[in-house]
Amino acid sequence: MAKYVYPAVFTPEENSFSIHFPDIEGCYTCGDSFEDGMEMAKDALALMLTHLEDEKSTIPAASPIHAIRLDGDSFAAYISCDTTVYRCLMNNTSEIRRLGTEALINALGPIGMARYLEKYDNGGQGDYTKEKYEMPDEIFPRRCRTP
């Protein structure tokens with residue numbers, strides 16, 4: 001369980017992007033837009049690396065981005081993931097509590113963490129828009145608050 005950064009190759013299609021990781025065998029995904037592709041790539045990378053960790057397989061070294069061979073309109077971008085956070089999000093709320101709110105903040109950002117807690121941890125009864133003003137700045141920075 002660790003943090004990883006790997007280069008991904010994005011290939012523009014007619015209305016989407018195909019994405020693959022040259023260093024991770026069988027790691028492919030796609031996205032409807034570049035932004036969607038970035039999210040899908042992060043998820044695919046985390047899933048594959050979590051599987052390799054579970055199987056106690058060797059985690060391949062990441063190639064330098066300048067060494068990636070590109071064709072046509074393809075381009076490379078670094079994608080990062082944290083398999084500890086990924087496991088947290090894939091497990092139940094008691095596991096998330098065990099790993100703490102830091103993992104939620106790292107994975108979802110302060111607003112996403114507050115929404116998650118409102119929806120899942122409070123049975124949907126919380127009011128994050130009211131309660132965010134009572135949160136410490138390190139959890140919900142003032143710049144993220146709206147008056």
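**The pocket and the rings**

Reply: Happy to! The lining of the largest pocket is made up, by class, of eight nonpolar, one polar and five charged residues; here Ala, Val, Leu, Ile, Met, Phe, Trp, Tyr, Cys and Pro count as nonpolar, Asp, Glu, Lys and Arg as charged, and the others, Gly among them, as polar. This is a predicted model, where local features need pLDDT of at least 70, side-chain atom pairs count only at pLDDT 80 or more, and totals for chains, interfaces and linings use all residues. Residues are numbered from 1 along each chain as its sequence is written, and side-chain values use heavy atoms, with hydrogens and water left out.

Me: Are Phe 10 and Phe 75 stacked or edge-to-face?

Reply: Rings of Phe, Tyr and Trp (its six-membered ring) pair if their centres lie within 6.5 Å; planes under 30 degrees apart count as stacked, over 60 as edge-to-face and the rest as tilted. By this rule there are seven aromatic pairs. For Phe 10 and Phe 75 the centres are 5.4 Å apart and the planes are at 10 degrees, so the pair is stacked.

Me: How many residues apart in sequence are the parts that Phe 10 and Phe 75 tie together?

Reply: Strands (E, at least two residues) are DSSP runs, numbered from the N terminus, as are helices (H or I, at least four). Phe 10 lies in strand S1 (residues 3-12) and Phe 75 in strand S4 (residues 75-82), so the parts tied together are apart in sequence by 65 residues.

Me: Is Phe 75 buried, partly exposed or exposed?

Reply: Buried means under 20% relative accessible area, exposed over 50%, and partly exposed in between (1.4 Å probe, protein chains only). Phe 10, at 0%, counts as buried. Phe 75 has 28% relative accessibility, so the class is partly exposed.

Me: Are Phe 17 and Phe 75 stacked or edge-to-face?

Reply: The ring centres of Phe 17 and Phe 75 are 6.1 Å apart. Their planes are at 80 degrees, so the pair is edge-to-face.

Me: Which residues form one aromatic cluster with Phe 10?

Reply: Phe 17, at 16% relative accessibility, counts as buried. The cluster that holds Phe 10 also has Phe 17, Phe 34 and Phe 75.

Me: How many disulfides does the structure hold?

Reply: A disulfide is a pair of cysteine sulfur atoms within 2.5 Å. The sulfur of Cys 27 is 8.9 Å from the closest cysteine sulfur, in Cys 81, which is too far for a bond. The number of disulfides is zero.
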